[in-house]
Amino acid sequence: MDRRELVRASKLLSRVLRHDPARVGVRLDPRGWAGVDELLAGCRRAGVRLSRAALQEVVDTNDKKRFVLSPDGTRIRAQQGHSVRVDLGLEPSTPPALLYHGTVGRLLPAITAEGLRPMRRHDVHLSPDTATARRVGARRGAPVVLTVASGRMHGDGHVFRVTGNGVWLVPAVPPEYLGEPV
């Protein structure tokens with residue numbers, strides 16, 4: 001697949017596996033998994049030709065490692081970012097002292113007043129480093145990276161979980177745990 005086809009396939013998979021499985025007629029199980037054969041057949045019915053090899057290429061080359069295949073290769077799911085109800089089965093984890101959140105400047109007044117909220121997703125996504133947070137924030141404009149006092153939050157009883165691709169999840173970040181942009 002060329003780069004453009006990979007991006008298009010990745011966006012479709014994000015839509016289907018995170019937000020709208022009915023778009024191609026698939027169902028996610030309670031842990032967010034879809035059958036690979038069912039997904040490929042659904043894509044064909046929706047007019048998108050995606051082979052098993054192309055699907056594997058999307059999984060392997062996605063820069064954010066958004067998708068994961070089951071060990072036997074028969075199921076696929078998104079690692080995080082769902083707006084549909086799923087339980088990823090992630091255990092609580094102790095975060096590092098600091099995590100980072102990428103955003104854009106126009107959102108800073110609301111974030112400063114209300115903290116970070118999950119919006120249409122289940123959790124707030126935090127990055128382990130500033131470079132990743134900057135890439136996340138750049139999707140919507142000039143990025144701003146906020147520091148999150150995750151160690152202090154955890155000590156105060158907030159529950160963190162980490163996905164297989166290193167994204168930290170927390171239900172919300174109250175404003176008192178946010179540092180100045182870096």
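Mentor: One term to begin with: contact means heavy atoms within 4.5 Å. This is a predicted model, in which local features need pLDDT of at least 70, side-chain atom pairs count only at pLDDT 80 or more, and totals for chains, interfaces and linings use all residues. Residues are numbered from 1 along each chain as its sequence is written, and side-chain values use heavy atoms, with hydrogens and water left out.

Trainee: Leaving aside its neighbours within four places in sequence, which residues is Val 48 in contact with?
Mentor: Val 48 is located in the loop between α2 (36–45) and α3. Helices (H or I, at least four residues) and strands (E, at least two) are DSSP runs, numbered from the N terminus. With the neighbours within four places set aside, the contacts of Val 48 are Leu 12 and Cys 43.

Trainee: Why does Val 48 count as partly exposed?
Mentor: Buried means under 20% relative accessible area, exposed over 50%, and partly exposed in between (1.4 Å probe, protein chains only). Val 48 counts as partly exposed because its relative accessibility is 30%.

Trainee: What is the phi of Lys 65?
Mentor: Lys 65 sits in the loop between α3 (52–61) and β2 (67–69), and counts as partly exposed at 38% relative accessibility. Its phi is positive in a residue other than glycine, with a value near 50°.

Trainee: Is Met 119 buried or exposed?
Mentor: Met 119 belongs to the loop between α4 (108–114) and β6 (124–126). Although Met 119 is not a glycine, its phi is positive, about 60°. Its relative accessibility is 61%, so Met 119 counts as exposed.

Trainee: What is the radius of gyration of the protein?
Mentor: The protein has six helices and ten strands. The radius is taken over C-alpha atoms, and the globule rule is 2.2 Å times the number of residues to the power 0.38. For 182 residues the rule gives 16 Å, and the protein is close to that, so it is as compact as a globular protein of that length, with a radius of gyration of 17 Å.

Trainee: What separates the centres of domain 1 and domain 2?
Mentor: Domain bounds come from an automatic or database domain assignment. Here the assignment gives domain 1 (3–78) and domain 2 (99–181). Taken over C-alpha atoms, their centres are separated by 27 Å.
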